[in-house]
Amino acid sequence: MYGLDDDAKSARFHVYSVPFEATTSFRQGTARGPDAVFRASHQVELFDLEFGRPYESGIAWIGTPEGVEDLNRRACELTRSIRAASDANNAIEEATGRVNEIGGELNALVKSVTHLALESDKIPVILGGDHSVPFGAWSAAADAHPGLGLLHFDAHADLRAAYEGFTWSHASAIHNALRELDGIERILQVGIRDICDEELSRIASAEGRVQTVFDHDWARAKLEHRDLFALAARHIATLPDKLWITFDVDGLDRTLCPNTGTPVPGGLDWNDAAVWLQALARSGKRVIGIDLVEVAPGTYRPLGEGWDEIVGARLLYRLMACAMGKV
Ligand SMILES: [Mn+2]
């Protein structure tokens, strides 16, 4: 990956590909994300003017854990049949139950590889796939480091309970983390601009466990020429010392992810994201794991061939720089 030849033993970062998108609700394609990001990584300049030299820590591409592709194929077939049905019936209910079981199996698989990486003192990097993919990784991380913080970049709050009947829906990722993972102490959400009433109440009832920086508030701070670095640093300071970063690429402006599954107008531009990541890298917090989800290489190419994955590969590189803490 990134044109490096690092072996798994010496590399600090272990990158896992998890091409799973069973509950994608609008536009498919993110299961092809990991391979596309891998290919695009070869075009990334290893010296990053702002973020230094993440490659010095060693980045090893571990590949796809055995069984993931099969789970994805089975679950996608079931979701297709559910969506094709005109009304609810017993068969649909049964198929939905099976999708939920498959989601549980995927969680267990991702949890076990993440656990292995953490145990051998590596920084696991999970490349999705949709936003349901990293739940198992967060679970392993929360077990290993109770009191963990989650830094969540996204257009969506992902606080829906069992969206469309799917327990492990991409739209329920943070809801599930709050409900199931006591080891996650606090969540900071950034870029959020698509949210329903139920999700807003969920934030309120979490009593400070979830803190949300809405996109419109960030945009206003920009217009008012406020000190964005200080603003980001203040929010990051409220997180625990150990963090997992979960980055849904649709938190970025849509021009940076034209083929992602559920795009929303607005969002962080490239340099806004850099401000957040610089603030994080300089915060003294320790990043113990990373996931990047919802990158989709598609056929809509307003900015030329391979744009979604070029952005994904560069973003992932910077996320790893944050985990090195040297910027
Ligand atoms: Mn999203």
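Helices are taken here as DSSP runs of H or I comprising at least four residues, numbered from the N terminus. By this criterion, S81 is placed in helix α2 of the predicted model. The residue has 13 C-beta neighbours inside 10 Å and therefore counts as partly exposed, since that class falls between the limit of 12 or fewer for exposed residues and that of 20 or more for buried ones. S81 and V275 lie 194 residues apart along the chain, and their C-alpha atoms are separated by 43 Å.

Helix α2, which spans residues 68-84, packs with helix α3, formed by residues 90-119. The angle between the two is about 155 degrees, and their axes are 9 Å apart. The two helices are therefore roughly antiparallel to each other, an assignment that applies to angles over 145 degrees. Their crossing is left-handed. On the α2 side, the contact involves V68, L71, R74, A75, L78, T79, S81 and I82. These residues meet I92, A95, T96, R98, V99, I102, E105, L106 and L109 of α3. By class, the residues of this contact comprise 11 nonpolar, three polar and three charged. S81, described above as partly exposed, is thus among the α2 residues that meet α3.

A further helix pair is formed by α1 (residues 33-41) and α10 (residues 307-324), whose axes come within 8 Å and cross at roughly 75 degrees. Helix α1 contributes G33, A36, V37, R39, A40 and S41 to the contact, where they meet E309, I310, G312, A313 and L316 of α10. Six nonpolar, three polar and two charged residues make up the contact of α1 with α10.

Concerning the chain as a whole, the model contains 10 helices and eight strands. The radius of gyration is 18 Å, close to the 20 Å that the globule rule gives for 327 residues, so the chain is as compact as a globular protein of that length. Along its principal axes, the C-alpha trace spans about 55 × 45 × 45 Å. Buried residues account for 51% of the 327 residues. Among contacts between residues at least 6 apart in sequence, 78% join residues at least 24 apart.

Methods: Residues numbered from 1 in each chain as written. Predicted model: local features only at pLDDT ≥ 70, side-chain atom pairs only at ≥ 80, totals over all residues. Axes fitted to C-alpha atoms, helices over the stretch in contact; angles between N-to-C directions. Parallel < 35°, antiparallel > 145°, perpendicular 65-115°, else oblique. Left-handed = near helix turned anticlockwise from the far one by under 90°. Contact = placed C-beta atoms within 7 Å. Nonpolar A, V, L, I, M, F, W, Y, C, P; charged D, E, K, R; others polar. Rg over C-alpha atoms; globule rule 2.2 N^0.38 Å.
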